[in-house]
Amino acid sequence: MGARWQQFKASDFLHYFLRDPVAYVSFTILMVLVVSAFAAPLIAPHNPYDPSTIDIMDAETPPAWTDQGTRTFVLGTDDMGRDMLSTMLYGMRISIIIGVGAVFLQAFIGIVIGLVSGYIRRLDNILMRIADVQLSFSTYMIAIFIGAIFQMVFGVANYEKIAAPLLILIIGIAEWPQYARTVRASVLAERRKEYVEAARVIGLSKLRIMWRHILPNTLSPVLVISTVQVANAIMSEAALSFLGLGMPLTKPSLGALITAGFEYIFSGSWWITILPGILLVLLILVINLLGDWVRDYLNPKLYKG
Amino acid sequence: MEKLLSIENLNVDFAMRTGTLRAVNNVSLTVDKGERLGLVGESGAGKSVLGFSIINLISKPGYIASGRVSFQGDDISKYSDEQMRNVRGNRISMIFQDPMMTLNPVLTIGVQMQETLHAHAGMSGSAATEICLEKLQKVYISSPLKRLNQYPHEFSGGMRQRIVIAISLLTNPGLIIADEPTTALDVTIQAEIMDLLLELCKTERMGLLLITHDLAVVSQVTQRIAVMYAGTIVELGPTEEIIHTPQHPYTKGLLGALPQKAGGSRRLNQIPGVMPGLAKIPPGCPFSNRCSMVQDICRSTRPTLDTKASGNQVACHMVD
Amino acid sequence: MTDQKVKPVPPTSDPLVRIRDLVKHFDISGSWLDQLKFSGGRIRREKTVVRAVNGISLDINEGETVSVVGESGCGKSTLARTVLGLYPPESGEIHYRGKRIDHLPESKLKPFRTRMQMVFQDPYASLNPRMVVGDALKEPIRFHQPSIGAGDLKTKVAAVMEQVGIDPDWQNRYPHEFSGGQRQRISIARALAVDPEFIVADEPIAALDVSIQAQILNLMMDLQEQHGLTYLFISHDLSVVEHISNKVAVMYLGTLCELASARDLFSTPRHPYTQALLSAIPKLGQAFSHKKLTGDVPTPIRLPGGCVFHTRCEYARERCRREVPVPISLSNGTRIACHGVAENWLEG
């Protein structure tokens, strides 16, 4: 392991990373956000999910730096009396979990289908047509269907319990064609290469060639689109929650928080919607910036000097 | 008489993160009007870099560190971008290896040819078409009028290269730099294209700088040869002399490694080792770690390209 | 001259590899939607077929080096891959040591795989960039000898690396850390790892520098002597071919024009295409004297009728346009497919 670390320290990757302020600032901010989100149970001043600690009388308290704010609720409270800071931290945690989870699902389905589609010609046509059909369904439509059916069959209370995994499922299924197409394009390019022919001359089975030879060489583009897809997934979840199809108000994600607070802008309690909004934008921005940097780094044609 | 092209002590460097690497080391060359000079070397020797740096086409992280390039009396190494654009494709044309990369696949031949004329000579319309047809005929393309409306993919590799040559002739340049113009072509087509280039240089009185690794081709087309190794010219002289009586150990090794020179034995004469990458060039003579005649002075002092008794210029301590 | 360099091989009763009337076509029509074409006012369905190999017959004897030469599009690479079972032929037969191997299912073909291997042209694409070279060499050995112990495996890999001149300590390096010549050596090592008898080399030195070419060729010839290998050598470089081959086959658009011993082919080429090809090779220090071939190279999609070469042949007559020439054997053993030679109306 020591040797690997030495290699990493001397690598091009680290060198260019440390030289680009956009890269390391975005990375630092992202780390701060992620760590604080997952450390929410430890660092949040209040527990927004424990009804016994919430007092409706505290509702709509403005942030601490205004006249009517108090130190107890640094960023104010929402319409139910929950501390904004704590709810935002927990909410960010949920947003990240759903975003990353959905991307894992998309990637898994997409890579498998892309590999099979690219390498086994007979299945290519049908699999890509399925992908086309999948793409023509909008994510929101699927969310409405599935969400509505679920609530009908299992009741609203049960829905709230499985909202997060359900959202992962929905966003995961909606976006796998992205991965499938990217991987398929890579596979089509790689299978012509002579090392694949060499593997066939040795006599290796199709499965082994796909897994051991082709797959590792298709992962670079997968990495590149993954960062963008995580940002997209978080946004999709936020949008769904905004439309009321996502996380319930009892366990809100950042999107749900934005929704909940939206109507209060006009009554003057701007912080309920704006603060989670800023946090969401910041999260997505740093993910995108990092993703851009990784993509540029992996592009062999760009000047590196 | 003023030389057509004169390169003096040219140094081209690459700024890498691990340090600066010198790809072209103190190169001096001349080409007379109408002369054909061959630049021979293996991949990594720096010959393409040299070719590109003549018309300042080196992109970052490469740059011209020092030296002078003069063309028809003008110091073009100091030219601004705009002045250089007037030289490239106009007074000096360049032909590259893969015609499919040089020709824009979505434009017809006619458009690409007229584009050049418009940019450099300000011509258009029927006057431009006249010239295009004339040049296409010079490269022996049949039915040139019909061809003007065709796309590159409708032509074979050999024909595409002819079209590229025709485009390079449009502005009657004084010098053509050809970088491996036939490497991507079949043997029979290669012979035709080289024949064509030879004929055109003679009739149009153009200078030719032929960059290639193919010794046989260069021996048939050029009047003088410069042999390049690891960024330096190691031998320079008339083609006949270089091919039949090479002096520098590398040139000897290169010619000796050809199958025609294996004599009666089955084994080919190989040069041990490989040409060093730019970061690993030994101090002193760059060939010192592979040379059979190496002495101490070779390892410590870099030899200069001097005229030796034979009349050729050789960069070697062991040759007088 | 050539015979002194290349050890003459005594003919055995059965050739190691026997290829008979091999035909391989590629259907590149695409899906049925792509096949629809609008012509003459109607929509028709057209198939586009690349006729890469059209009836090649060739015998390769044990210990020989047989070279196949030709220009791009002649089908020599397709031939190489079909012989190794990478493509199923449309028709024709391939026999290995008397046993028929074309159209065998992969399970039955497996034992033959250790005996026939391939070396490829592009040293950059022929090694998996994400696999250290040690693993690339271990893989074929472990696949064919699943019970081999870890120690034996390591020894074998080290041995084969040394044979090709690569330091065994570099097993854990990735291909991009080696030069082009070194990668080609590793490819050769991979082919050798399973102890083959027959190696197909598809332009193994075309992508290398001149001085490295000499090294690799010497290596291949040394290995042939040490292991008694048989080579099918695909190349467009005629001077190399002249130097290392026993027999040479000249291909044009999927057809065998001339098959002769190297000495006979280079001293007295009979087929007009062979003559043109040989005259086009630039000779060191001599002026150009090549025979100009008229016309363009046709594509393997729309083959000319009759003799495939007739559109560019200076001697072509009516019969050449109508009839495909049947290969005949000449007194010195040369097989040639040309009406002019058969009927003796070629000049020279």
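**Entry 1: a helix pair in chain C.** This is a predicted model, so I keep that in mind throughout. I started with who touches whom between H5(C) and H6(C): C:Gly134, C:Leu137, C:Lys138, C:Ile141 and C:Arg142 on the H5(C) side meet C:Leu153, C:Lys156, C:Val157, C:Val160 and C:Met161 on the H6(C) side. Sorted by class, that contact has 6 nonpolar, 1 polar and 3 charged residues. Next I checked the geometry. H5 spans residues 133-144 of chain C and H6 spans residues 150-163 of chain C, and their axes come within 10 Å, crossing at roughly 120 degrees. I noted the hand of the H5(C)/H6(C) crossing as right-handed.

**Entry 2: where chain C meets chain B.** How many residues does each chain bring to the contact? I get 37 residues from chain C and 33 residues from chain B. On the chain C side, helix H1 (2-5), helix H8 (210-227), helix H9 (238-244) and helix H11 (272-280) each supply at least two residues. The largest share of that side is 8 residues, from H8(C). I also looked at the classes on the side of chain C that touches chain B: 17 nonpolar, 13 polar and 7 charged residues.

**Entry 3: a sheet in chain B.** I traced 4 strands of chain B in an open sheet, ordered E2-E1-E4-E5, with antiparallel pairing. Strand E2 (19-31) and strand E5 (74-75) of chain B are the edge strands, each pairing on one side only. I then looked at E1 (residues 5-16) and E4 (residues 62-71) of chain B, which run antiparallel and are joined by 8 bridges. To pick out one partner, I followed B:Glu8 across to E4(B) and landed on B:Arg68. Helix H1 (residues 47-54) of chain B lies across E1, E2 and E4 of that chain, and I have it running at about 70 degrees to E2(B).

**Entry 4: B:Glu235.** I found this residue in strand E10 (residues 232-238) of chain B. Is B:Glu235 buried or exposed? I call B:Glu235 buried because 28 other C-beta atoms lie within 10 Å, and the cut-off for buried is 20 or more. Leaving out residues up to four places away in sequence, I listed what B:Glu235 touches: B:Val227, B:Ile242, B:Pro246, B:Gln247, B:His248, B:Thr251, B:Asn312, B:Gln313 and B:Val314. I also checked B:Cys291, which is 56 residues from B:Glu235 along the chain, and the C-alpha atoms of the two are separated by 15 Å.

Notes
Residues numbered from 1 in each chain as written. Chains lettered and ligands numbered in written order. Predicted model: local features only at pLDDT ≥ 70, side-chain atom pairs only at ≥ 80, totals over all residues. Contact = placed C-beta atoms within 7 Å. Nonpolar A, V, L, I, M, F, W, Y, C, P; charged D, E, K, R; others polar. Axes fitted to C-alpha atoms, helices over the stretch in contact; angles between N-to-C directions. Left-handed = near helix turned anticlockwise from the far one by under 90°. Pairing = 2+ DSSP bridges. Buried ≥ 20, exposed ≤ 12 C-beta atoms within 10 Å, placed from the backbone.
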